[in-house]
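Here are some notes to read beside the model, written for someone meeting it for the first time. Please keep the 3D view open as you go through the points.

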Amino acid sequence: MRRALVLGGGGVAGIAWETGVLAALADEGVDVTAADRIIGTSAGSTVAAQVTSGLPLKELLARQTDPALQTPELVSGVSLPELWVKLQAIAESGLDPAAQRREIGALALAAATVPEAERRAVIEARLPVHEWPDRDLVIVAVEAVSGEVRLFERGSGVGLVDAVAASCAVPGVWPCVTIDGVRYMDGGVRTSTNADLAAGFDRVLVLAPMAEVGEPAWTRLDGTVEVIEPDEATLAAFGTDPLAPESRTPSAEAGYAQGRAAAARVAAMWR
């Protein structure tokens, strides 16, 4: 029986929420972080790196709920509604997916953002360990110029911090990440979860803080799939800006409540 854990994108609120869900599941006796493969996209790449760091879930949860333990975050200063209109226009342009990704890449490369080094320091602080774990961990990013998808893994020759920074480079908000001369942007530009990368696994748990655009990626899987998406209380906790640092505490608490509520059905599927 092969199991995969898929962690989708959703800003700092999504990081907090996913951490809460995972911590609650573990407290209820279902530690899904022992999955055979973990796939992380954007916020989910941060959580994937954190839960494979060796730091207990209880401590990771405290780093989200306790303001004294929260790592420094930047305020984006970007109008998300305005950015969403631009991204929606590209999504509705009729271009094929690769061409849409290139259009988004052009937007990302043209955006005025903080320097790469300043953003990288934020990612570095988020991760308890900066070395790849001896695990099947896949982090998804997209090349900004070509629109091609890149899967970073332990043997890819790319550092963990850089891989996570690339996957978290929200287009139009944070700077594209330069790795070996190539500029990368958020892996969520492909899909918000990239759950289809769990093809071939018998059991798949998907945490999806953000709704997929179009057909959800997990519908293309053949195995048994369980999906946890935000409920009304979680959406209220996220607020209007999931990138806002102050969303972490309420989002983590909402995630913990959802994890406890979902534990029985996850256990029935996972075991």
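Which residue lies over the face of Phe-201? The first point takes this up.

1. Arg-2 is the residue over the ring face of Phe-201, at 4.0 Å from the ring centre. A charge counts as sitting over a ring if NZ of Lys or CZ of Arg is within 6 Å of the ring centre and within 35 degrees of the ring normal.

2. A word on the basis of these notes. This is a predicted model, in which local features need pLDDT of at least 70 and side-chain atom pairs count only at pLDDT 80 or more, while totals for chains, interfaces and linings use all residues. Residues are numbered from 1 along each chain as its sequence is written, and side-chain values use heavy atoms, with hydrogens and water left out.

3. Now look for the aromatic pairs, of which the structure holds two. Rings of Phe, Tyr and Trp (its six-membered ring) pair if their centres lie within 6.5 Å; planes under 30 degrees apart are stacked, over 60 edge-to-face and the rest tilted. Trp-17 and Phe-238 form an edge-to-face pair, 6.5 Å centre to centre with 85 degrees between the planes. This pair links distant parts of the chain, with Trp-17 in helix α1 (residues 11-27) and Phe-238 in helix α8, 221 residues apart. Helices (H or I, at least four residues) and strands (E, at least two) are DSSP runs, numbered from the N terminus. Both Trp-17 and Phe-238 are buried, where buried means under 20% relative accessible area, exposed over 50% and partly exposed in between (1.4 Å probe, protein chains only).

4. Phe-152 and Tyr-184 also pair edge-to-face, at 5.4 Å centre to centre and 70 degrees between the planes. Because Phe-152 lies in strand β4 (residues 149-152) and Tyr-184 in strand β6 (residues 182-186), the pair ties together parts that are 32 residues apart in sequence. Phe-152 is buried, at a relative accessible area of 0%, and Tyr-184 is buried at 2%.

5. Next, the largest pocket, with a volume of about 1,300 Å³. On a 1 Å grid over the protein atoms alone, a pocket is an open set of points with protein on both sides within 12 Å along at least five of seven lines, whereas a cavity is a set where a 1.4 Å probe fits but cannot get out; lining residues have an atom within 4 Å of a point. Grid points are joined across faces, edges and corners, and a volume is the space filled by probe spheres set on the points. The pocket is lined by 40 residues, with Trp-84, Leu-87, Gly-188, Met-210 and Val-213 nearest its centre. Helix α4 gives the most to this lining, with eight residues.

6. UniProt, in an unreviewed entry, lists Ser-42 and Asp-186 under "active site". They are spread over 145 residues of sequence yet cluster in space, with a largest C-alpha distance of 5.9 Å. The lining of the largest cavity takes in Ser-42 from this set. Ser-42 is found in the loop between β2 (37-41) and α2 (43-51) and is buried, with a relative accessible area of 8%. UniProt positions are given in the numbering used here, feature names are shortened, and annotations may be inferred rather than shown by experiment.

7. Finally, find helix α7 (residues 160-167): seven of its eight residues are buried, so the helix is largely enclosed by the rest of the structure.
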